[in-house]
Amino acid sequence: MKDVNCIFCKIANGEIPSATLYEDEDFRVILDLGPASKGHALILPKEHFANVFEMPEELAAKAFVLAKRMAAKMKDALDCDGMNILQNNGTAAGQTVFHFHMHLIPRYDNDQVGLTWIPGSLSEEMKEEILSKLAG
Ligand code: 5GP
Ligand code: ZN
């Protein structure tokens, strides 16, 4: 399904032109218009899913296989020193376009891309609470 009000649906399906690095029946890979670094790309499914929670497992698996292939190709072509593969779900997580996408962010030694956080500490209490909710 497509969402008529979704810009990434239009881009993924070619209704709005984009700098396309790769396309197949399920995905289009484009350059991000506001790149964090040289070569920052986005993997867009052609079908509309707002986020990972809505996406079928099979397509999510395909997306990661494609991310792995694109990352390898980009590393060779751009000669970057590293690569962040990341994906935001929900406003709280920094998502701004509500059509699932994966970021491929080439990293260069000493670049200024700021994908860091302040490490907290895992208390016994928190660990037990989370394990009781999730483990097993
Ligand atoms: P999010 O914050 O939702 O994970 O990422 C959205 C990304 O989409 C941002 O990196 C932003 O620069 C990019 N973006 C937003 N609108 C467009 C657009 O129209 N075309 C392209 N190529 N990228 C876009
Ligand atoms: Zn969409």
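Both cysteine 9 and histidine 48 are buried, a word that stands for under 20% relative accessible area, with exposed meaning over 50% and partly exposed in between (1.4 Å probe, protein chains only). The exercises below start from this pair.

The structure is a predicted model, in which local features need pLDDT of at least 70 and side-chain atom pairs count only at pLDDT 80 or more, while totals for chains, interfaces and linings use all residues. Residues are numbered from 1 along each chain as its sequence is written, chains are lettered from A and ligands numbered from 1 in the order in which they are written, and side-chain values use heavy atoms, with hydrogens and water left out.

**Exercise 1. The metal site**

Work out which atoms coordinate the zinc ion (ligand 2), and what geometry its site has.

*Step 1.* Begin with the donors, which are N, O and S atoms within 2.8 Å of the metal (3.2 Å for Na, K and Ca); water is not among the atoms, so sites may look incomplete. For the zinc ion (ligand 2), the coordinating atoms are SG of Cys6, SG of Cys9, ND1 of His48 and ND1 of His99, at 2.0 to 2.3 Å.

*Step 2.* Turn next to the angles, remembering that four donors count as tetrahedral if all angles lie between 85 and 135 degrees. The angles among the 4 donor atoms of the zinc ion (ligand 2) run from 104 to 116°, and the site is tetrahedral.

*Step 3.* Along the chain, the donors of the zinc ion (ligand 2) are spaced as C-x2-C-x38-H-x50-H. Cysteine 9 in helix H1 and histidine 48 in the loop between strand S3 (41-45) and helix H2 (57-78) are 39 residues apart, and this pair links distant parts of the chain.

**Exercise 2. The fold and its core**

Find what pattern the protein chain follows along the sequence, and which residues touch the most other members of the largest nonpolar core.

*Step 1.* Count the elements, where helices (H or I, at least four residues) and strands (E, at least two) are DSSP runs numbered from the N terminus. The protein chain has 3 helices and 5 strands, and these follow one another as α-β-β-β-α-β-β-α.

*Step 2.* Consider the overall extent: taken along the principal axes, the box filled by the C-alpha atoms of the protein chain comes to roughly 50 × 40 × 25 Å. Of the 136 residues in the protein chain, 33% are buried.

*Step 3.* Look for the core, since a nonpolar core is a set of buried Ala, Val, Leu, Ile, Met, Phe, Trp, Tyr and Cys residues joined through side-chain atoms within 4.5 Å. The largest one holds 16 residues, among which Ile43 and Leu104 touch the most other members. Two or more residues of this core come from each of S2, S3, H2 and strand S5 (102-107), and H2 gives the largest share, with 7 residues.

**Exercise 3. Separation in sequence and in space**

Say how many Å separate the C-alpha atoms of leucine 21 and methionine 74, and of cysteine 80 and leucine 131.

*Step 1.* Leucine 21 is part of strand S1 (residues 20-23), and with a relative accessible area of 37% leucine 21 is partly exposed. Methionine 74 is 53 residues away along the chain from leucine 21, and their C-alpha atoms are separated by 9.8 Å.

*Step 2.* Cysteine 80 is found in the loop between H2 and S4, and because its relative accessibility is 2%, cysteine 80 counts as buried. Between cysteine 80 and leucine 131, which are 51 residues apart along the chain, the C-alpha atoms are separated by 38 Å.

*Step 3.* As a further case, take phenylalanine 53, in the loop between S3 and H2, which counts as exposed at 70% relative accessibility. From phenylalanine 53 to glycine 90 there are 37 residues in sequence and 10.0 Å in space, C-alpha to C-alpha.

How values were computed:
Tetrahedral: all angles 85-135°; square planar, octahedral: opposite > 155°, others 65-115°.
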